[in-house]
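User: I am new to this structure and would like to learn how to read its features. Could you guide me through them one at a time?

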Amino acid sequence: AYPTVSYDTVRLDDVYYNPFIVPASKSVFYIAVKVTDDSTAEGALQVNKLKISTNADNFSTGWQFTANYVNVPGLAIWLLTIPTANLPANDTLYMRYYVNDGNHANNTEFPRNDMIYPYKTFWSFIRQ
């Protein structure tokens, strides 16, 4: 699953894996996530949520958003609406996506703590 931002994405220092910039003037932004599973139709997945944290490896606190399934001809995605009013400005905010097909006790998460840092910064943004 990879995030897609609803407006032209600008990455910090123009490095593709750095945090993307969300202009302070944006009150909301959208992330579309394409999720596939080996045994469950994507619209039947039981958990699809995004957590945001100021810590790249700790998502026990912070903000949580539930994705909505969107299925129109030629496009089937999980869509997140992220309001920015309560998010801190000028800080790197890391995102982690959680999904579960109902066949496993634990959610699948991405990126995981054991992944290299560029995966974590690719899934991050700065509100400025």
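Analyst: Let us begin with a term. Strands (E, at least two residues) are DSSP runs, and they are numbered from the N terminus. The model itself is predicted.

User: Is Thr40 buried or exposed?

Analyst: A residue is called buried when its relative accessible area is under 20%. Thr40 counts as buried because its relative accessibility is 15%. Beyond its neighbours within four places in sequence, Thr40 is in contact with Leu45, Asp101 and Asn103.

User: How many residues of E8 are buried?

Analyst: Nine of the nine residues of E8 are buried, so the strand is largely enclosed by the rest of the structure. The burial concerns both faces: Thr92, Tyr94, Arg96, Tyr98 and Asn100 lie on one side, with Leu93, Met95, Tyr97 and Val99 on the other.

User: Which strands pair with E8, and in what sense?

Analyst: Pairing is read from the bridges between two strands. E4 and E8 run antiparallel and are joined by seven bridges; here Ser53 stands opposite Tyr94. E8 is also antiparallel to E10 (residues 124-127), with three bridges, and Thr92 faces Ile126 in that pair. Three bridges likewise link E8 to E9 (residues 108-110), again antiparallel, where Tyr97 is opposite Phe110.

User: Which residues touch the most other members of the largest nonpolar core?

Analyst: A nonpolar core is read as a set of buried residues joined through their side chains. The largest one has 23 residues, and Leu50, Leu80, Ile82, Tyr97 and Phe125 touch the most other members. Strands E2 (20-22), E3 (28-33), E4 (47-53), E7 (75-83) and E8 (92-100) each supply at least two residues of this core. E8 gives the most, with four residues.

User: What does Tyr97 touch?

Analyst: Residues up to four places away in sequence are not counted. Among the others that Tyr97 touches are Val33, Leu50, Trp78, Leu80, Phe110 and Trp123.

User: Where does a positive phi occur in the hairpin of E6 and E7?

Analyst: A hairpin is examined through its paired strands and the residues that link them. E6 (residues 68-72) and E7 pair in the antiparallel sense over five bridges, and Asn71 is opposite Ala76. Two residues lie between these strands, and Gly74 takes a positive phi near 85°.

Notes. Residues numbered from 1 in each chain as written. Predicted model: local features only at pLDDT ≥ 70, side-chain atom pairs only at ≥ 80, totals over all residues. Heavy atoms only, no water. Core = buried A, V, L, I, M, F, W, Y, C linked by side-chain atoms within 4.5 Å. Buried < 20%, exposed > 50% of the residue type's maximum accessible area, 1.4 Å probe, protein only. Contact = heavy atoms within 4.5 Å. Pairing = 2+ DSSP bridges.
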